[in-house]
Amino acid sequence: MNDEEELQGSTYEKEDFGHARPHDPDFKGPVANRSCTDVLCCMIFLLFIIGYILLGLVAWVHGDPRRVAYPTDSQGHFCGQKGTPNENKTILFYFNLLSCASPSVMVNLQCPTTQICVSKCPEKFLTYMEMQFLYKKDKSYWEDYRQFCKTSAKPVKSLPQLLLDDDCPTAVFPSKPFLQRCFPDFSTRNGNLTIRSRMLFQDGNGRTRSVIELREAANRINKIFEARALGMKVFEDYATTWYWILIGLTIAMVLSWMFLILMRFIAGFLFWIFVFGVLGIIGYGIWHCYQEYCNLQDHPNATLSIYDIGIQTNISMYFQLKQTWFTFMIILSIIEASVILMLIFLRNRIRVAIFLLKEGSKAIGHIPSTLIYPFLTFILLSICISYWVVTAIFLATSGVPVYKVIAPEGQCIHENETCDPEIFNTSEIAKACPGALCTFAFYGGKSLYHQYIPTFHVYNLFVFLWLINFVIALGQCALAGAFATYYWAMKKPDDIPPHPLFTAFGRAIRYHTGSLAFGSLILASIQMFKMILQYVDQRLKIAIYGRNFCRSARDAFNLLMRNILKVAVTDEVTYFVLFLGKILVSGSMGILAFLFFTQRMPMIAAGPTSLNYYWVPLLTVILGSYLIAHGFFSVYAMCVETIFLCFLDDLERNDGSTTRPYYVSQSLLKIFQDKNARTKNK
């Protein structure tokens, strides 16, 4: 008995492949005559996009990203900004750093001293009075000192007049740039804190000061940075590392595309590369955690627990605890063991999944343009992410300069009041508080726009999530339509219409934008419950018959429920194989980013040295690489799932006879027959 007669005569097919639908003699695969679906949601989606564009324009008008890229002096001018007198002055210098030790620093979040932009930090100890004396013998002393003054006039002022006019610092000391600011060049000698071997120095006001006092002042400034909004510090890191992040994401894109090409030819071998690559990455993580744990053995504060230090804005403090690294090591060890156990228990199903990937490779071989489509997804995702980041930065930097009164001695009743630097010297405040300063404090405002900035941030994030999910759903819909066209071609490749991917993409845009927007809206609304809503995510991929979202989801659900055992065999195991590939790409990029942003491979490339949190660009590269890998590997996932759904529908519509032949390949039909036979015998 041949295969066709066996399929016609046996009851095995009916019993194991579900209840057949009534035969439709006019059925020829996906319908050609379509109409628009979920029109109302499409209109709402377009309105939200228009609002998103308007929000970006308004933020662009009011915001200024230079506020996170450059430090700001007391007059609100940016240090290092091109096209200004400060273009070559990239570092912020404090006239009297010792005043930063004042208790008012943490109240006002501002150091009560004049701050100017300089091209370099001081390199030696020198007071203003000493410079005046040496200037009479050597003019070069003033040339060096005046770099840290607001005026270039000759140094003829007396000390009281200098303090009143606030033109120059009374003293300078060896410093080095850190976070684009001049900080004391501390060092340790014989267990004592020193600056160029000195423990004491003159402050220019006739007092001898200790290096310890400078350290307290520097720590106060650091606390100012810590007390500022975490989001602003994160934006500063993004402004510093965006170039390197884009390079990392581009490498992830190329790596994902290479894996995609190789899977076309060596799916089985590539699976083992995924396995050993993932196990190696997790193993490296375990080894690194163990090394950090051992290095902290002799650290005096490393034995503290996370409970002891409580909630800290400085995330790096948690990485100085042994408990943190021990916890990471245990978690990674459990993940490593879980992956190994899954590989052991799923070895038979993995063979089936690899075979399905090979079958999918045949479809991709007939529609090679699907290998290029992830680049379009990458471009669209990059546009969405870039627009969101830029809009968020412009929103965060919206406002006008706000100036506050500060009194170095802390004895002014007008301290912390808003002031105008243009008229401050002639105002009543200057008369009531001699020595008080009107210095730049922050950017803000009291207009209606500024009051709703937090709401705009929420809107920016929501529409961003909506667009991201829409782009992914659009890709899934286009790929599903192309692969469905391949499946329902009786004679492959002769019956495959020209440009199936382009045609499917056009159908998705023309007829199904509303359905895709509806499904992606659900995912964006409850993104935190994505695992619970994975069913909805899967239903977004049904682009075979051109029905609306709800009906497509219902039909696909019923079809899958009638064949639940086969779904268990293919869906999750295939996704597990592809998930290993995604982890390999994102994990590899994560290791490279970690070594780069923590300055551990200077022989190859020197990374940025002034980051607030190195984990900000690190996590961005890891998550971005995973999303990119997900977009690329979704081609195979989409191919396998579409072919599988069409296969189930094919079995319900046809019986393998001459008049109702199967569209499925005999090799794919045989593997499921063998799998069902083994399951039935058990």
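# A guided tour of the predicted model

Begin by selecting helix 11 (residues 267-295) and helix 14 (residues 347-366), which pack at an angle of about 125° with their axes 9 Å apart. Axes here are lines fitted to C-alpha atoms, for helices over the stretch in contact, and angles run from 0 to 180 degrees between N-to-C directions. Helices (H or I, at least four residues) and strands (E, at least two) are DSSP runs, numbered from the N terminus. The angle makes helix 11 oblique to helix 14; under 35 degrees counts as roughly parallel, over 145 as roughly antiparallel, 65 to 115 as roughly perpendicular and the rest as oblique.

Contact means heavy atoms within 4.5 Å. By class, the contact of helix 11 with helix 14 comprises four nonpolar, one polar and one charged residues. In this scheme Ala, Val, Leu, Ile, Met, Phe, Trp, Tyr, Cys and Pro count as nonpolar, Asp, Glu, Lys and Arg as charged, and the others, Gly among them, as polar.

The model is predicted: local features need pLDDT of at least 70, side-chain atom pairs count only at pLDDT 80 or more, and totals for chains, interfaces and linings use all residues. Residues are numbered from 1 along each chain as its sequence is written, and side-chain values use heavy atoms, with hydrogens and water left out.

Remain on helix 11 and select His288. At 10% relative accessibility, His288 counts as buried; buried means under 20% relative accessible area, exposed over 50%, and partly exposed in between (1.4 Å probe, protein chains only). Leaving aside neighbours within four places in sequence, His288 is in contact with Trp325, Phe594 and Arg600.

Next, select Tyr52 in helix 3 (residues 39-62). Tyr52 is buried, at 4% relative accessibility. Beyond the neighbours within four places in sequence, its contacts are Tyr387, Trp388, Tyr459, Asn460, Val463, Phe464 and Leu467.

Now colour the spans that the unreviewed UniProt entry annotates as "transmembrane region": residues 39-61, 242-262, 269-287, 325-346, 371-395, 463-488, 575-597 and 618-638. Positions from UniProt are given in the numbering used here, feature names are shortened, and annotations may be inferred rather than shown by experiment. Residues 242-262 are 100% helix and 0% strand, with end C-alpha atoms 30 Å apart. For residues 575-597, also 100% helix and 0% strand, the end C-alpha atoms lie 32 Å apart.

Two loop residues follow. Arg196 lies between strand 8 (192-195) and strand 9 (200-202). Its phi is near 50°, a positive value in a residue other than glycine. Arg196 is partly exposed, with a relative accessible area of 45%. Then move to His499, in the loop between helix 18 (453-487) and helix 19 (500-511). His499 has a positive phi of about 50° although it is not a glycine, and at 59% relative accessibility His499 counts as exposed.

Finally, show the whole chain. Its secondary structure comes to 25 helices and 13 strands. Of its 682 residues, 48% count as buried. Among contacts between residues at least 6 apart in sequence, 73% join residues at least 24 apart.
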